[in-house]
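User: Could you walk me through this one, please? I'm new to it and would like to begin with how the chains meet.

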Amino acid sequence: MRLLLLLMAAGALSAQSRDLAAGRAAFVSNCAFCHGTTGEGGRGPNLTTAQSVHGRDEASLRRVITRGVPGSQMPGFGNFEEPSLTDLVLYVKSLSSRSAGGQAIPGDRAHGAVLYQSNKCAMCHRIGSEGSVFGPDLSRVGAGRSAAYLRESLTKPAADIMPEYQGVIVTLRDGTRVSGIRINEDTFSVQLRDLTQKFRLFQKDEVQMVQDAPRSLMPPYNLPPKDLDDLVAYLASLQGGPAGNQTRQAEGIR
Amino acid sequence: MKPVFPALLLAASALAQNSPYPVDVPAARIVKALDEPQNWLTYFGDYKGVRHRALNQVNTANVKNLRVDWIFQIPTTGRFETVPLVVDGVMFFTAQNGHAFSVDARSGRQLWHYQYKPAEGTADGLNRGLAILNDRLYMGTVDGHLVCLDSTNGQLLWNTEVASAKAGYSITLAPLAVKDKIIVGVGGGEFGIRGFIDAYDAKSGQRAWRLYTIPEKGEPGGDTWQADSWKRGGAPTWMTGTYDPELDTVYWGVGNPGPDLYGQDRLGDNLYSCSVVAIDPGTGKMKWHYQFSPHDTHDWDANETPMLLDLPWKGQIRKLLVQANRNAFFYVLDRTNGEFLMAKSYARQSWLKEFDAKGRPVPLPNTEPSEQGTRLCPGLAGGANWMAPSYNPDLQLFYVPYREQCDIYFSTPPKFVEGKAYWGTATRGVSDEKEWGVVKALDPLTGEGKWEFKFYHAGWGGTMSTTGGLVFAGDADGYLVALDAKSGELLWKLQTGSEIATAPITYMVNGKQYVTIASGAALITLSLP
């Protein structure tokens, strides 16, 4: 009898590890692009930290995976159905249980906030209801991006540009160039927001050329290493809140 | 009391002469559908699938004046992919979620409305159109039924279950009426179905035959499936086929094997997935098949229009079947026997090394989807897809709308549960690579491109050609455009306000030519002032 129980337990264990392997495979194929191959984060948040504003229990993970996170870049993966979904949920859950709260981010976030002011980041970015809507909203950038990604965004802003912040350059018939963030473009027209936050609207047959901006509209920041750490620590601390995305949405700002 | 009766009688008699009802479309009329260009009698407008009309009232000189004549708003949401039928001044069309309508083709004013009611669950989902035979209409439903409606009042005459929705089957296509039968195919290639093509007696709704597109063990082709993978191998038949009355043969495209992106549990060619099959419509027996993509793992199905053309091939008129396949190649086959004559890529492709003498593709190495992702062109959605091509016989040009895009293909083993998604993972767009849409004019004998028109986004709009020297096409951003059929030059455009995911039609009533397109929740009809 005892032997039988042991055998059953062994069977259950091996089934579980098989499921975890299936979950890992699903993760690599579907999630690694944003969350990194080991879940350490990138364009998407680090999943190895135990904390998450969306919760790390199975029900929360299931909801986030299938429905996505409104207002963020996390899409819903509605194609996932049982039993593959459970495999994936259990794998993602196993990522955070391996960690004791994630790696600490070095740096002085209070000094980072000072650097944010002194470098005039708010000329283009917005935190809560403060700043500009020209560049990406940073209200919860710490919840949505890994520290490594934030660091790269400061030093090499062109490494990853969200499609909605793609710059576009319109060359008018007289040679004048107008650049800005592309609001919309189709076969016959382009709409952009220029650096003064004004909408500029063009019909393609009335201009010389429409091109994607080859680089990010944000300049690279070559800060001393300590300042870079501090600024990253500050950005990583931005976890959103009532004055964040909700405010923007209420104001009708994309 | 004033003597109103004579006037009324006069009006009634004028109405009777003009009256569109009852319409009558016997099979013989459909055979000669191209001889009545004022009407649009099948999903493609005729049996060959050319989507070309001998109407030139709207032409290259005056198309700039084309404007909206009427709009019909449907009372439902979702993607509006219908292609209407027009018979002697009356228009019949479906909308997604089980709706069918009849309207006056000159005004868009409604004659009747039918709403399908499923026995249980929901019938919400898209629909691409109707078939008409005699005075009856036929509509597939997303819960796997085929219904027959009285064209005079939209009353339900019969309702037959084709396949179980619980097992993952659905019907989105417009049925095909051939002689006394209604032929339908099924969707569900992503849900572990076993595909088939069915024929039903048009009068009674009784099933006449079923041709499975996956043979069982022991049948010819049964050995192209590993173990019992044939039972859930997909091979759906979700787009309408074409018909050659002289050869009395129906041609039908067959979809991808399942799971879509994971092939290790279904080793073998997986017949008759990703093939075109030639069928005797009387018996449902297969006459021949040609497989475009053996053992497909990229969802490159073959449900694109199998267009029938009779053209001089190396000096001799031959009965050809041409298809711009989802795998980025344009194919020419002999439709009497399925012989491969030639294929040429019309879009970017990075998977094929060469074709062998019999037309079997030899793929390049490292083109299989993988756990880490494999970049490949075309993308999962094609290339071509359900977006209708068209053909201008005077210019001998084939117009194909397609998506110019590549994807990263991922693959992991899925678990099978009846009626649930059975994909084997998915694809992702390649970041930092532009995707765009194209309408390309090809010489159908060589596959050489003559011109192309680019859309900014890759879309789902189809084409339609006329003797007015025009090709109409729709795009992902909602533009309906008219292009010069010879040069591809833009001659006219209309922003319809919503993505166009179907193809336009044209027809004529009382000497006036109209063009109709579905977009958003609107069926938009245009004419000259």
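Predicted model: local features only at pLDDT ≥ 70, side-chain atom pairs only at ≥ 80, totals over all residues.

Analyst: Residues are numbered from 1 along each chain as its sequence is written, chains are lettered from A and ligands numbered from 1 in the order in which they are written, and side-chain values use heavy atoms, with hydrogens and water left out.

User: How many residues are in contact on each side?

Analyst: On the chain A side there are 22 residues in contact with 27 residues of chain B, where contact means heavy atoms within 4.5 Å.

User: And how many salt bridges are there between the two chains?

Analyst: The count is two salt bridges, each being a side-chain nitrogen of Lys or Arg within 4 Å of a carboxyl oxygen of Asp or Glu. One of them joins the side chains of A:Asp212 and B:Lys434, at 2.8 Å from N to O.

User: Which elements of chain A give two or more residues to that side?

Analyst: They are helix 1 (2–30), helix 4 (84–97) and strand 4 (177–185) of chain A, with helices (H or I, at least four residues) and strands (E, at least two) taken as DSSP runs numbered from the N terminus. Helix 1 of chain A gives the most, with seven residues.

User: Switching topic, which residues of helix 3 of chain A are buried?

Analyst: In helix 3 (residues 58–67) of chain A, the buried residues are A:Ser60, A:Leu61, A:Val64 and A:Ile65; buried means under 20% relative accessible area, exposed over 50% and partly exposed in between (1.4 Å probe, protein chains only).

User: Why do they line one face of the helix?

Analyst: Seen down the axis of helix 3 of chain A, the buried residues fall within an arc of 125 degrees, so they line one face; the arc is that of the directions from the helix axis to the C-beta atoms. The face turned away from the buried side carries the exposed residues A:Ala59 and A:Arg67.

User: Last one: is B:Lys440 buried or exposed?

Analyst: B:Lys440, which lies in strand 30 (residues 436–442) of chain B, counts as buried at 14% relative accessibility. A polar atom of the B:Lys440 side chain lies 2.8 Å from the backbone oxygen of B:Tyr346.

Technical notes
Polar contact = N/O pair within 3.5 Å; in protein donor to acceptor, adjacent residues only side chain to side chain.
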